[in-house]
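Try each task before reading its solution.

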Amino acid sequence: MVAVAILAAGKGTRMKSDLPKVLHLLAGRSLVERVLDSCNLLQPTRQIVIVGYQGTKVQQGLSHRQKVEFVEQTEQLGTGHAVQQLIPHLQDYEGDILVLNGDAPLLRPETLQSLVTSHQTHKNAATLLTAKLPNPQGYGRVFCNEENLITQIIEERDCNQQQKQNNRVNAGIYCFNWQKLAEALPKLSTNNDQKEYYLTEVVDYLEPVMAIDVEDYQEISGINDRLQLANAYNILQTRIKEHWMRAGVMMLNPESITIDETVELQPDVVIEPQSHLRGHSKIGAGTRIGPGSLIENSTIGENVTVLYSVVRDSEVGNNTTVGPYAHLRGSAKIAQDCRVGNFVEIKKSTLGENTNVAHLSYLGDATLGDRVNVGAGTITANYDGVKKHPTNIGNNTKTGSNSVLVAPVTLGENVTVAAGSVVTKDVPDRCLVIARSRQREIPNWEITSR
Ligand code: UD1
Ligand code: CA
């Protein structure tokens, strides 16, 4: 049985921000939310977030999550003081508690799980996650005996020159036997450079306290300032891209590509430089994205190409080509074997199979059948200044270049629209519609010079 408590009451002075540190976003999710998520695998019996500085904002930021409890630390007198606030809320709790700094968003769930498992198999009073860092600056230093039992933790600012040489640091991730911790917490002093109650001081009152080194030290990176936040984003990106490359995705110049964790890719997807995949996007096998494309909350089929284009909240079927310079948005649904070409914008429209919109068009609120050919420059005039109206186009219909379809309007099947037409009325199947003034030639007419 394990409960989880997250320390999220600090202001995060070093962020130089109005927003509480733990609410800063890292690739779409706040730091505290990421810490909470890293505990999911453990199925914690309780999830407690200790809030203080702008506590209501932090609570609001987590209001969509069920089962999260909030405990207030009204004055921020240190990490030990923060954990002391738990005592009245865990009076009857027997079991272990995982305490995590709210600013460590890169933890892997497996790491926390093995921390808890080690803690329980060794029957420790406390087990701490530690790491040997190439640059330990800013972290508390952990001193152990030869059996990895911790003798002391000293914050950097309290270290002498020799102690600073120790590069084994405290990750701020702890598993405690709650009963023993609750007995130790009242003993904390403020006997340190910051005159704060340090949680790390509990190691002086607990036994045994074991240190476990994390395999990949990047996981424990604490975010204290904007540089560390940007660096964490890069670490996260490297992780995501390595994962997909191992799963069979090809990336050209991966440094220039960004991919959200929520994206799903199939083997043999090719991602070209300067492409960005965001939100809940799915991309099918053999599809080539980029160079220079943005895909957001969209589902792209197999063997599609999306070249220098933006696809948002939309669906694209197998073997369709998009771009260069196309923009699909607002739930555009493009079937398979279509072509959406140069400088085409499609909003909230459905295209049937084998339908082409190859050049310079705007389709909004339109429903197109199969094998439709939308001529260059065809526009659906879907907005009368007040309301949006639908356009329907039947199978096999062809619109001429520069035609305007004034919605609401329906073109039947096998209709041909003459170039330059402004179609304002419905057109039955198998018609040629010409809606423009007839060409006249006025002979012997020329501009007379003065
Ligand atoms: C802390 C550890 C340090 C460790 C490092 C790892 C202590 C004394 N030091 O230092 O050994 O190497 O984390 O990143 O614990 N918080 C509260 N209430 C408070 C103070 C802080 O909730 O009164 C929260 C903060 O919001 C933050 C977390 O505790 O999420 C850590 O606080 P921070 O000030 O960043 O601690 P560090 O100086 O980084
Ligand atoms: Ca910190």
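**Exercise 1. Find the residue that stands opposite Lys398 in S39.**

Step 1. Lys398 faces Thr416 in S39.

Step 2. Now place the two strands: S36 covers residues 398-399 and S39 covers residues 416-417, and two bridges pair them in the parallel sense. Strands here are DSSP runs of E of at least two residues, helices are runs of H or I of at least four residues, and both are numbered from the N terminus. Two strands count as paired if DSSP finds at least two bridges between them.

Step 3. Widen the view to the open sheet of 11 strands, paired in parallel, with the order S12-S15-S18-S21-S24-S27-S30-S33-S36-S39-S41. The edges are S12 (250-251) and S41 (432-433); each has a single partner strand, so one side of each is left without a neighbour in the sheet.

A note before going on: this is a predicted model, in which local features need pLDDT of at least 70 and side-chain atom pairs count only at pLDDT 80 or more, while totals for chains, interfaces and linings use all residues. Residues are numbered from 1 along each chain as its sequence is written, chains are lettered from A and ligands numbered from 1 in the order in which they are written, and side-chain values use heavy atoms, leaving out hydrogens and water.

**Exercise 2. Identify the protein donors of the calcium ion (ligand 2).**

Step 1. Look for N, O and S atoms within 2.8 Å of the metal, or 3.2 Å for Na, K and Ca; water is not among the atoms, so sites may look incomplete.

Step 2. The protein donors are Asp103 (OD) and Asn224 (OD1), at 2.4 to 2.5 Å from the ion.

Step 3. Asp103 sits in the loop between strand S6 (96-101) and helix H4 (109-121), and Asn224 in the loop between strand S11 (209-213) and helix H7 (226-246), so the pair ties together parts 121 residues apart in sequence.

Step 4. Check burial, where buried means under 20% relative accessible area, exposed over 50%, and partly exposed in between (1.4 Å probe, protein chains only). Asp103 is buried at 11%, and Asn224 is buried at 17%.

**Exercise 3. Work out which strands pair with S6.**

Step 1. Strand S1 (residues 2-8) pairs with S6 in the parallel sense over six bridges; in S6, Asp96 is the bridge partner of Val2.

Step 2. Strand S10 (residues 168-177) runs antiparallel to S6, joined by five bridges. Tyr174 in S10 is the bridge partner of Val99.

Step 3. Five of the six residues of S6 are buried, so the rest of the structure largely encloses this strand.

**Exercise 4. Describe the hairpin of S8 and S9.**

Step 1. Strand S8 (residues 141-144) and strand S9 (residues 150-154) run antiparallel and are joined by four bridges. Arg141 stands opposite Ile154 in S9.

Step 2. Five residues lie between the strands, and Asn148 takes a positive phi near 65°.
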